[in-house]
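Here is a short briefing to read alongside the sequence and the 3D view. Please keep both open as you go.

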Amino acid sequence: MSHSHSHRPTLKQENKKFKSRHATKSSIKDLAKGRIVRKSPKSVARASLAAAQTRLNRQNQAKQNQLKKRHELVSALKIFGGVDGVPRIVAVIPLSPDVSADSAAKALVKSIDGDIEGAPSLGTWKLRVERFKTNLQLILLPYRDLYAALDACKVADYVVFVLSTEKEVDSWGELTLRCLQSQGLPEVITVADSATPPDLKSRPGILKSLLSFIQYFSPSQARVHDLTVPSNALNAARAVCEGRPNLIRWREGRSYLLGESVEWESQTDDNVGKGILKVTGVIRGAPLSAKRLVHIPDFGDFQVDKVMSAPLPRHHKSGANAMSMEEEPVVLSESADDAESLTSRLEPDTMSNEQTWPTEDELNSQNQPSASASDLPDAKWGTTPKSVKKVPRGTSAYQAAWIIEDEDENNEENWSDEEDEGMEEDESIREITEKGSELAVEAEDEDLVELTNEDMESEAKRSTAAFQDLDMEVENQQHAEWVAMRAQEKEADRAKAETEDQAFPDEIDTPRDVLARTRFQKYRGLKSFRTSPWDPYENLPVDYGRIFRFEDYERTRRNVRRKAETEGVQPGRRVTVYIKAVPKTCADSWRPEAPFVLFGLWQHEHKTTVGHFAIQRNTEYDGIVKSKDPLIFCVGPRRFRTNPIFSQHTRGGGKGVNNVHKFERYLRHGNTTIATFYGPMVFGKVPCFVLRENETDGQAPYLVATGTFMNPDTTRIIAKRIVLTGHPFKVHRKTATVRYMFFNPGDVMYFKPIQLHTKHGRTGHITESLGTHGYFKAHFDGVITQMDTICLNLYKRVYPRWSEVWSAPSNTAKVIENGAEANGAVEGESMQE
């Protein structure tokens, strides 16, 4: 047997292996052999990583979290436990016209075997639920009463929205949901009700559609309870009686009270029409102190005289005998000398300003009579000096009596902020020369004749004729048509102005009849809007001497909240609050179908300061919202009527280098804007929403914007910008001759130090003035084109306006057969703070 001989292969090629970072997914998967490497979600330091991830530590951490949640649940429900426990406040709001709060509340009470005899159709209904060992206080609200629903949800633990299985939620229902969503919703329970229950085939689809609708406003909703089915009604009642209420952040640390009874007693002192208001109810939230002020919606802030206990009679059973015992009311908290006052504004000290003493020449000039006054002859006793008036030739004395003379013809014009806006919206340049204007004035003087008062009076007597009034119906119809036409014209003008401002922001035309340095004397130029220094205490108005300023807002907020949580009567106790100097209209305006709520204020929350609110415009409102338009701000428990000014919001809410922010003329979609006005102090991130009154229906206003309170910074500078534009008449590379920005050389030299810029991004400055018509030469940092526009920015600081307490319009509703309510007469009255 022969064996073949073979040599070791020396020419076998072995390629270099790929590195691991170039490996394919399949090769990595095969290499791992099914093992999965997971990184810890909690990245900690290397030293404590081993100890933190041990099994014992994880078990201990889970146990601590469980105990913490259990303690929070027990503490939240402890106030409702027991026979004398605090009742759960439940607001029942119908969102459709064919459902009512009365029928929904009775269906819930029937499901838990409650007694519905003597139940009110509207208003507050207290009952004891023995099945779940708790007390309920239902607030049955009418349909189309927005402000009553808002006040009820401010103090409610639960809100029950009643939907219809036959009709969709109308515009008022959606408005109510959006306002409540902005204000802060308590625990939401949604039920469906109707006079005729839906059939079994269409019922699941209807409930699914209603659930999809309500989840848009309250995503936590898992189901809609059908009250026509007894088991579903019982589940809704169980959620109310055994559930844990949702916390509302802005209510934390604040005391509030739902009035069960309201009484008013007149005072014998000098306060005419004012007296003591007694409000009985259970304190909720935080302790209530008689040293602090309380707020009544629609009426303002008041002082508390004392807080007395108001216990309910207790029933004790001893064998077959039952007896009731009543406790005597005692004073729990009483006003003292250190109680907070109602002073909301300061009195400015005008003598603290810079004083100057007049010179001797000024004193002598005041004692000497004027030369013009000595030239006039004295009138005889018992006569009236005749006045001479120039009128066009051929004008009768009767017509001359209607010609109004221009008394301020020779006076200088005073330019205000309103005139600034009017000029920016409708600016025109006169097309007449100086020579032509002089000829026109001479021709006008030649055509004028002089008439005395006696000629005009005699002519007026001869021209008197009988006048016949129109019928009242025709007069009212014509007046309504005229008002509607004027409103349409005004709205069209506002829309045109907003469109022009969006296309050419802040641009205005320089007037030809007034010097630019006189017209814009209140404005200044800035090299850099974000970094140029601007003294916040420079030339402040007198209103800044009437407001309060806090050195450290956050530190004050912490101290105030700490005091509010320690002093006063503890929550959960039934008391009677005695409020001083309350007008009788407050007690008379209380309606049984609307809740009467009371809110305790923190220290300093009555003092007036500058409030800044970060708001975003409602996407479904298409109206024009201009700065200084009258709006209604709903901030926590308060409602204000004010004319806010808008400004830009810095990203992150910072102040920047100089704390200067640009004034916005309009509230536009898609941007966060800061609204500023003088108003009471607010502590914390309190939500707010902005409404605009509806002239046709007071209970259906327009939701303009939503937002939150930002800070009370009094040093925030809101700068209004105007842009003067010019046309490059001649261009040579980086140098251009500009016209139409100014119309005299004096204005060119006055604004020469201010930096110029173009719409194409070039910057430059004025080098010299050319001619006598306002032309000037400017040099830029790049090549200028003939199509470019030369701009000059000027800035002026604007100040906010005052706010006042706003009263919600009363809703005189008439109950119809199905239990729903139709909107009635609406009347509103604003009350000055």
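The notes below cover an open sheet, a strand with several partners, and the cysteines.

This is a predicted model, in which local features need pLDDT of at least 70, side-chain atom pairs count only at pLDDT 80 or more, and totals for chains, interfaces and linings use all residues. Residues are numbered from 1 along each chain as its sequence is written, and side-chain values use heavy atoms, with hydrogens and water left out. Helices (H or I, at least four residues) and strands (E, at least two) are DSSP runs numbered from the N terminus, and two strands pair if DSSP finds at least two bridges between them.

**The open sheet**

- Six strands make up an open sheet with mixed pairing, in the order β2-β3-β1-β4-β5-β6.
- β2 (123-129) and β6 (225-226) are the edge strands; each has a single partner strand, so one side of each is left without a neighbour in the sheet.
- Within this sheet, β4 (residues 158-164) runs parallel to β5 (residues 187-193), and 7 bridges link the two.
- Leu163 has Ala192 in β5 as its bridge partner.
- Helix α4 (residues 101-111) packs on the sheet and touches β1 (88-94), β2, β3 (134-140), β4 and β5, where contact means heavy atoms within 4.5 Å.
- The direction of α4 makes about 165° with that of β3; axes are lines fitted to C-alpha atoms, for helices over the stretch in contact, and angles run from 0 to 180 degrees between N-to-C directions.

**β29 and its partners**

- As a reminder, strands of a sheet pair through backbone hydrogen bonds, either parallel or antiparallel.
- β29 (residues 717-732) pairs in the parallel sense with β18 (residues 507-508) over 2 bridges, and Glu507 stands opposite Val723.
- β25 (residues 660-664) is also parallel to β29, with 3 bridges; here Lys662 has Ala719 as its bridge partner.
- β34 (residues 790-798) runs antiparallel to β29 and is joined to it by 9 bridges, with Lys720 partnered by Lys796.
- β30 (residues 735-739) pairs with β29 in the antiparallel sense over 5 bridges, and Pro728 has Val738 as its bridge partner.
- β29 and β30 form a hairpin with 2 residues between them, and Arg733 in the turn has a positive phi of about 55°.

**Cysteines**

- With a disulfide taken as a pair of cysteine sulfur atoms within 2.5 Å, the count is 0.
- Cys153 is buried at a relative accessible area of 0%, and Cys791 is buried at 3%; buried means under 20% relative accessible area, exposed over 50%, and partly exposed in between (1.4 Å probe, protein chains only).
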